[in-house]
Amino acid sequence: ISFDNIFYFIEYITFISLTHGLNFFKVNLFKTYYGNKRYNKIVISTSEKIISLAIKSGWKEKDLIKICLPKWDKLDNIKKKKFKRKNKSIFFFFTWRNWKEDILDEIILKSDYFQNIIELINNKNLIDSLISHEVILYFCLHHMLDIYKHKLNFINSNVKFIQQNEIFKCIMKSNLLVTDFSSIIFEFMYQNKPFVMFIPDGEAHNNKLLYSREYFNIINDLKYDRIKFMNKYFSIKQAVNKIIYYI
């Protein structure tokens with residue numbers, strides 16, 4: 001629901017935010033996108049850290065609906081089933097960027113974020129490996145960036161665009177995740193599946209000009225290893241080599 005939705009002015013309507021992940025990276029969302037100025041109550045996991053972050057961000061304990069992460073129950077059920085897969089597959093999903101106001105679309109599309117994602121997917125060594133091993137690459141843009149989908153140019157014939165409602169199916173069935181800092185990482189961890197973190201704009205010099213402070217800080221925390229993860233890469237060559245290793 002957008003901030004200017006008319007229903008916000010009706011006092012007797014209760015707005016409940018259903019957060020979808022662990023919010024491990026984007027903790028400021030408890031103040032902004034999932035903030036108590038926008039919603040009356042919020043559904044969160046029962047992690048003490050997450051509860052503490054919500055309270056520090058201005059939420060009152062009585063307004064926290066603590067019910068763990070329901071979609072992980074579905075992952076547990078999926079583990080018990082055996083899928084007949086025709087092909088192995090890789091899921092490419094990069095989280096959104098909170099662009100500063102008045103940034104033109106043409107600048108956004110020329111940013112390191114988009115250009116390096118395209119260059120990674122169009123990498124010849126990656127394409128050759130996908131073709132020779134008959135691996136499908138499923139790609140989906142975050143819904144906040146979906147308006148740019150038709151402006152992206154992929155020469156990789158093994159790429160299949162998927163819709164937003166197919167994301168969970170890819171989380172369940174794909175063998176490898178390639179992302180930057182989406183909380184989908186934790187769904188793959190939970191299933192004991194590998195992931196490769198590629199930060200497409202980690203080496204960009206204009207992040208401070210393009211992004212909100214929060215996203216600028218997240219990228220820097222990853223870049224300077226203040227957030228520690230395995231398989232974290234900033235160069236296309238290193239990311240491609242690791243993906244091919246898993247293939």
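**Figure 1. Phe-188 sits in helix H7, which spans residues 184-190.** Welcome to the first close-up of this predicted model. Leaving aside residues up to four places away in sequence, the contacts of Phe-188 include Phe-91, Cys-170 and Ile-171. Ser-174, Asn-175, Leu-176 and Leu-177 also touch Phe-188, as do Lys-193 and Pro-194.

**Figure 2. Phe-188 and Gly-202 are shown together, 14 residues apart in sequence.** How far apart in space are Phe-188 and Gly-202, taken from C-alpha to C-alpha? The distance between these two C-alpha atoms is 23 Å.

**Figure 3. Helix H9 covers residues 213-223 and has a set of buried residues.** Have a look along the helix for Glu-214, Tyr-215 and Phe-216, which are buried. Further on in H9, Ile-218, Ile-219, Asn-220 and Leu-222 are buried as well. Which elements do the buried residues of H9 pack against? Their partners are strand E8 (195-198), helix H8 (207-210) and strand E9 (232-233). Just after H9 comes Asp-225, whose phi is positive at about 65°.

**Figure 4. The second largest pocket is lined by 20 residues.** Its volume is about 450 Å³. Which lining residues lie nearest the centre of this pocket? They are Thr-32, Trp-96, Asn-98, Trp-99 and Ser-212. By residue class, the lining of the second largest pocket holds 8 nonpolar, 5 polar and 7 charged residues.

Figure 5. Along the principal axes, the C-alpha atoms fill a box of roughly 60 × 45 × 35 Å. The radius of gyration of the chain is 19 Å, which agrees with a compact globule, because a globule of 247 residues would have a value near 18 Å. What share of the 247 residues counts as buried? The answer is 50%. Among contacts between residues at least 6 apart in sequence, 63% join residues at least 24 apart. The accessible surface of the chain comes to about 14100 Å², and carbon and sulfur atoms account for 53% of that surface.

Key: Residues are numbered from 1 along each chain as its sequence is written. This is a predicted model: local features need pLDDT of at least 70, side-chain atom pairs count only at pLDDT 80 or more; totals for chains, interfaces and linings use all residues. Side-chain values use heavy atoms; hydrogens and water are left out. On a 1 Å grid over the protein atoms alone, a cavity is a set of points where a 1.4 Å probe fits but cannot get out, and a pocket is an open set with protein on both sides within 12 Å along at least five of seven lines; lining residues have an atom within 4 Å of a point. Grid points are joined across faces, edges and corners, and a volume is the space filled by probe spheres set on the points. Ala, Val, Leu, Ile, Met, Phe, Trp, Tyr, Cys and Pro count as nonpolar, Asp, Glu, Lys and Arg as charged, and the others, Gly among them, as polar. The radius of gyration is taken over C-alpha atoms; the globule rule is 2.2 Å times the number of residues to the power 0.38. Buried means under 20% relative accessible area, exposed over 50%, partly exposed in between (1.4 Å probe, protein chains only). Contact means heavy atoms within 4.5 Å. Accessible areas come from the Shrake-Rupley method with a 1.4 Å probe; for residues, only the protein chains shown count as cover. Helices (H or I, at least four residues) and strands (E, at least two) are DSSP runs, numbered from the N terminus.
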